[in-house]
Amino acid sequence: MSLLFRLAVMLIVLFPIAVVVVGQQHTNARDPLRAAVQRPGRWALWLAALVLTMEVLGFLFIGW
């Protein structure tokens, strides 16, 4: 599987997870959906940083 495909699937999965996480802090349905749209963006940046770190470490220890 290509890295781009994996990241696309991960971004799709992050949204329902964000809805659940944000939904625990709100009492109605509208506010969690608004907040959940922003949260996967931040998580995607963390995910990209972690994947990049993993790839660099793999390149350093395993090689090309």
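1. In this predicted model, the crossing formed by helices α1 and α2 is right-handed. Helix α1 covers residues 3-23 and helix α2 covers residues 30-61, and their axes come within 8 Å of each other while crossing at roughly 140°. Because angles over 145 degrees are needed to count as roughly antiparallel, α1 and α2 are oblique to each other.

2. On the α1 side, the contact is made by Leu-3, Leu-7, Met-10, Leu-11, Leu-14, Phe-15, Ile-17, Ala-18, Val-19, Val-21, Val-22 and Gly-23. On the α2 side, the contributing residues are Pro-32, Leu-33, Ala-35, Ala-36, Val-37, Arg-39, Pro-40, Trp-43, Ala-44, Leu-47 and Val-51. By class, the residues of this contact divide into 21 nonpolar, one polar and one charged.

3. Ala-18, which belongs to helix α1, deserves a separate comment. Ala-18 has a relative accessible area of 0% and is therefore buried, the limit for that class being under 20%. Leaving aside residues up to four places away in sequence, Ala-18 touches Gly-23, Ala-36, Arg-39, Pro-40 and Trp-43. Between Ala-18 and Leu-33, which lie 15 residues apart along the chain, the C-alpha separation is 8.8 Å.

4. How many helices and strands does the protein chain have? There are two helices and zero strands in the protein chain. As for overall dimensions, the C-alpha atoms fill a box of roughly 50 × 20 × 15 Å when taken along the principal axes. The radius of gyration of the protein chain is 15 Å, whereas a compact globule of 64 residues would have a value near 11 Å. Of those 64 residues, 12% count as buried.

5. Is Ile-62 buried or exposed? This residue is found in the segment after α2, and with a relative accessible area of 74% Ile-62 is exposed, because the exposed class begins over 50%. Ile-62 and Leu-7 are 55 residues apart in sequence, and their C-alpha atoms are 22 Å apart in space. Leu-7 is itself one of the α1 residues that make the contact with α2.

Notes:
Residues are numbered from 1 along each chain as its sequence is written. This is a predicted model: local features need pLDDT of at least 70, side-chain atom pairs count only at pLDDT 80 or more; totals for chains, interfaces and linings use all residues. Side-chain values use heavy atoms; hydrogens and water are left out. Axes are lines fitted to C-alpha atoms, for helices over the stretch in contact, and angles run from 0 to 180 degrees between N-to-C directions. Helices (H or I, at least four residues) and strands (E, at least two) are DSSP runs, numbered from the N terminus. Angles under 35 degrees count as roughly parallel, over 145 as roughly antiparallel, 65 to 115 as roughly perpendicular and the rest as oblique. A crossing is left-handed if the near helix is turned anticlockwise from the far one by less than a right angle, and right-handed if clockwise. Contact means heavy atoms within 4.5 Å. Ala, Val, Leu, Ile, Met, Phe, Trp, Tyr, Cys and Pro count as nonpolar, Asp, Glu, Lys and Arg as charged, and the others, Gly among them, as polar. The radius of gyration is taken over C-alpha atoms; the globule rule is 2.2 Å times the number of residues to the power 0.38. Buried means under 20% relative accessible area, exposed over 50%, partly exposed in between (1.4 Å probe, protein chains only).
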